[in-house]
Structure formats: C-alpha cells, structure tokens
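Here is a walk through one structure, from a strand to a helix residue to the aromatic rings. Keep the model open as you read.

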Amino acid sequence: MKLPDLERPIRLVGLTGSMGTGKSSAARAFAALSVPVVDADEVARAVVEPGQPAWEEIRALFGEEVCDGDGRLVRAKLAEKVFADREALRTLEGITHPRIAAQVQERFEAARKASGAEGFVVYDVPLLFEAGIDGQCDLVVVVYADRQTQLERVQLRDSLSVEEIEQRLAAQMDIEEKARRADIVLENMGPPARLDDEVARLTKAIIAYNKGKVNAGMPEKS
C-alpha cells in the first residue's frame, strides 16, 4: 500500500466515512491490532453526560423532551431536531465541538505515549472534514461504500426509512467528496474480512514508513 511521502513520521491518522460505509468496523480492526484509537463519538457522549456544562446548554436550548426520565440525552430525539434544521445543527456543534476537542487532546497525549516511536494514533471521527479536523492529521483515511450500499446497511441496522437516511446523509459531506479528499481510501463493499485485511496492510505500511523516518532522523509535524 503506497503512502504519501510527508518527509516526517505519521503520528495521527484521521479515520472517517459516512453512515453505512463501515468506519466503525475499520476502527475496531485498528484496535484489534493494538493501534490506539480515540473515538470522537465516545468523547461526544462523555461531554453531554448529566451535569456536564454541554448537557446543561443543550437541555436549555432544545427542551426536556430530548432527555429520558433519568435526564440523559436521547440522541435519536436530538437528531430529529437537528438533522432537519441546519441552524440547529450548527448551534449544537458550537456547544459540543470545543469541549470534545479539549477531551480529545488529552486522550491523544496519553495514546501517543503508549504508541511508541514507530506507532501512530487513529482519530475516529465522522465529521472530520466538516469540522476542519483533517488539517490536524498526518494522514486521512476514508472508508468508502457507494450510496446504495450505505442505504441498505443503515436500513438493516437502524430500521430507518429511506427518507430519514437521506436526510441524515444530506447533513454530512457526500462520501464521494470525502473519498476525493482522502490520502487513503479503504473500499468496503465486500465481506468484513476484506476490510480487516486492508486495515492490517495499512497498519503494517505506516509502521514501516515511520521506522524509516525515525531512523533517518526526520522531524515530527510542528
């Protein structure tokens, strides 16, 4: 697998895709190979736990109806409000993104220490391009599946209508555009084992690449 020559080690790999492309499956494959993975969705859930500042703001703006009986946010109810209203979505992102970024940075530092001189950290984030995070990454990997495959997978997984899925996909950058912007595209329209193999090949390639750069004394990204 050919990597772009950055003239520095690859320390942070941004991993993204769209609904139904298999991004989460790729993240699990990296983790199974002992590659540290920082999951943006996991961090996003942590910052909106009851009592957190973001939770207070969301509840005040969107109402008690987006919470369950225990006061926890119900993401499906919140999604109904924001995916049909771009301004509401931007407002929600303005509340959560800065807090997510702060927690992510803490996790990056811990993961980098654990990954070693030739290792790397994967940042698993759905809105990597939309949030402008791609510029912070040494390498951007997009997990790709065509639109029909996306629709079929999400319908099977989430029992949503085609209209609901299309609405949510419309709130994200089109997967074709993401693929054009990627450094590496992992096509995922075959059996799961094929994606696992591709992730293994990419991991091996990055480690070998980093080893060469470290041995050559190449500087880190400033």
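A polar contact is a pair of N or O atoms within 3.5 Å; within protein, one must be able to donate a hydrogen and the other to accept it, and residues adjacent in sequence count only if both atoms are side-chain atoms. This is a predicted model, where local features need pLDDT of at least 70, side-chain atom pairs count only at pLDDT 80 or more, and totals for chains, interfaces and linings use all residues. Residues are numbered from 1 along each chain as its sequence is written, and side-chain values use heavy atoms, with hydrogens and water left out.

Start with strand β1, residues 12-16. Helices (H or I, at least four residues) and strands (E, at least two) are DSSP runs, numbered from the N terminus. Buried means under 20% relative accessible area, exposed over 50%, partly exposed in between (1.4 Å probe, protein chains only). In β1, 5 of the 5 residues are buried, so the rest of the structure largely encloses this strand. In a regular strand the side chains alternate between the two faces of the sheet. Both faces of β1 are covered: L12, G14 and T16 are buried on one side, V13 and L15 on the other.

Next, the neighbours of β1. Two strands pair if DSSP finds at least two bridges between them. β1 pairs with β3 (residues 121-124) in the parallel sense, over 4 bridges. There V13 has V122 as its bridge partner. β1 also pairs with β4 (residues 139-144), again parallel and over 4 bridges. In β4, V142 stands opposite T16.

Now turn to N210 in helix α9, residues 192-215. N210 is buried, with a relative accessible area of 0%. Its side chain reaches the backbone oxygen of E118 at 3.2 Å. A polar atom of the N210 side chain also lies 3.3 Å from the backbone oxygen of G119. Contact means heavy atoms within 4.5 Å. Beyond residues up to four places away in sequence, N210 touches P9, I10, R11, E118, G119 and F120.

What of the aromatic rings? Rings of Phe, Tyr and Trp (its six-membered ring) pair if their centres lie within 6.5 Å; planes under 30 degrees apart count as stacked, over 60 as edge-to-face and the rest as tilted. The whole structure holds 2 aromatic pairs. F30 and F120 have ring centres 6.2 Å apart and planes at 90°, so they pair edge-to-face. F30 sits in helix α1 (residues 23-32) and F120 in the loop between α5 (86-115) and β3, 90 residues apart. F120 is buried, with a relative accessible area of 2%. F108 and Y123 have centres 5.0 Å apart and planes at 90°, so this pair is edge-to-face. F108 lies in helix α5 and Y123 in strand β3, 15 residues apart. Both F108 and Y123 are buried.
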